[in-house]
Amino acid sequence: MSLSKSERRQRIQYRIRKIVSGTATRPRLSVFRSNKEIYAQLIDDVNGVTLLATSSRDKGVDIKGTNVEVANMVGKLVAEKALKAGIDSVTFDRGGYLYHGRIKSLAEGAREAGLKF
């Protein structure tokens, strides 16, 4: 019996989360991708706290452009917020998605804006 797309992603996500964990000094950059939007959060897994979050629905993001361009802007926005909060390095959690397209674009945008991972 084959797995559905969401079940397959869930399995990959669990496999990643066994390894990737965030701390207060080096939080986990978690990415969620829906059909329309993309969301990113910095999470401290030790204390179970979301340090900051941003998405393509925020006011600082220009909606015009392709989904890949919007994801790049979200990556830059999350990096700017993180640097203001004194966070310069993170661990990247792709959330079970392939490192391709919007996920890759978000990561590259965050690196361009100064986050290290």
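Modeller: A hairpin of 4 residues joins β1 to β2. The model is predicted: local features need pLDDT of at least 70, side-chain atom pairs count only at pLDDT 80 or more, and totals for chains, interfaces and linings use all residues. Residues are numbered from 1 along each chain as its sequence is written, and side-chain values use heavy atoms, without hydrogens and water.

Colleague: How do you know that β1 and β2 pair?

Modeller: Two strands pair if DSSP finds at least two bridges between them. Strand β1 (residues 28-33) and β2 have 6 bridges and run antiparallel. S30 stands opposite Q41 in β2. Strands here are DSSP runs of E with at least two residues, helices are runs of H or I with at least four, and both are numbered from the N terminus.

Colleague: What joins β2 to strand β3 (residues 49-55)?

Modeller: Again 6 bridges, with the strands antiparallel. D44 stands opposite V49 in β3. These two strands also form a hairpin, with 4 residues between them. G48 in that turn has a positive phi of about 70 degrees.

Colleague: What makes strand β2 mostly covered?

Modeller: Of its 7 residues (38-44), 5 are buried. Buried means under 20% relative accessible area, exposed means over 50%, and partly exposed lies in between (1.4 Å probe, protein chains only).

Colleague: Why is the contact of R28 and D93 called a salt bridge?

Modeller: The term asks for a side-chain nitrogen of Lys or Arg within 4 Å of a carboxyl oxygen of Asp or Glu. R28 and D93 have N to O at 2.8 Å, so they qualify. R28 is in strand β1 and D93 in strand β4, 65 residues apart.

Colleague: Are R28 and D93 buried or exposed?

Modeller: R28 has 7% relative accessibility, so it counts as buried. D93, at 2%, is buried too.

Colleague: What does the salt bridge of R17 and D45 tie together?

Modeller: The closest N and O atoms of R17 and D45 are 3.6 Å apart. R17 lies in helix α1 and D45 in the loop between β2 and β3, so parts 28 residues apart in sequence are tied together. R17 is partly exposed at 31%, and D45 is partly exposed at 23%. R17, R28, D45 and D93 are linked in a network of salt bridges.

Colleague: How many salt bridges does the structure hold?

Modeller: There are 6. Another one of them joins E112 and K76, at 3.4 Å from N to O. E112 lies in helix α3 and K76 in helix α2 (residues 67-84), 36 residues apart. At 55% relative accessibility, E112 counts as exposed, while K76 at 32% is partly exposed.

Colleague: Why is the pair of F92 and F117 called stacked?

Modeller: Rings of Phe, Tyr and Trp (its six-membered ring) pair if their centres lie within 6.5 Å; planes under 30 degrees apart count as stacked, over 60 as edge-to-face and the rest as tilted. The centres of F92 and F117 are 5.2 Å apart and the planes are at 10 degrees, so the pair is stacked. F92 is in strand β4 (residues 91-93) and F117 in the segment after α3 (102-112). Together with Y99, F92 and F117 form one aromatic cluster.

Colleague: What makes F32 and Y39 a tilted pair?

Modeller: Their centres are 6.0 Å apart and their planes at 35 degrees, so the pair is tilted. F32 is partly exposed at 40%, and Y39 counts as partly exposed at 27%.
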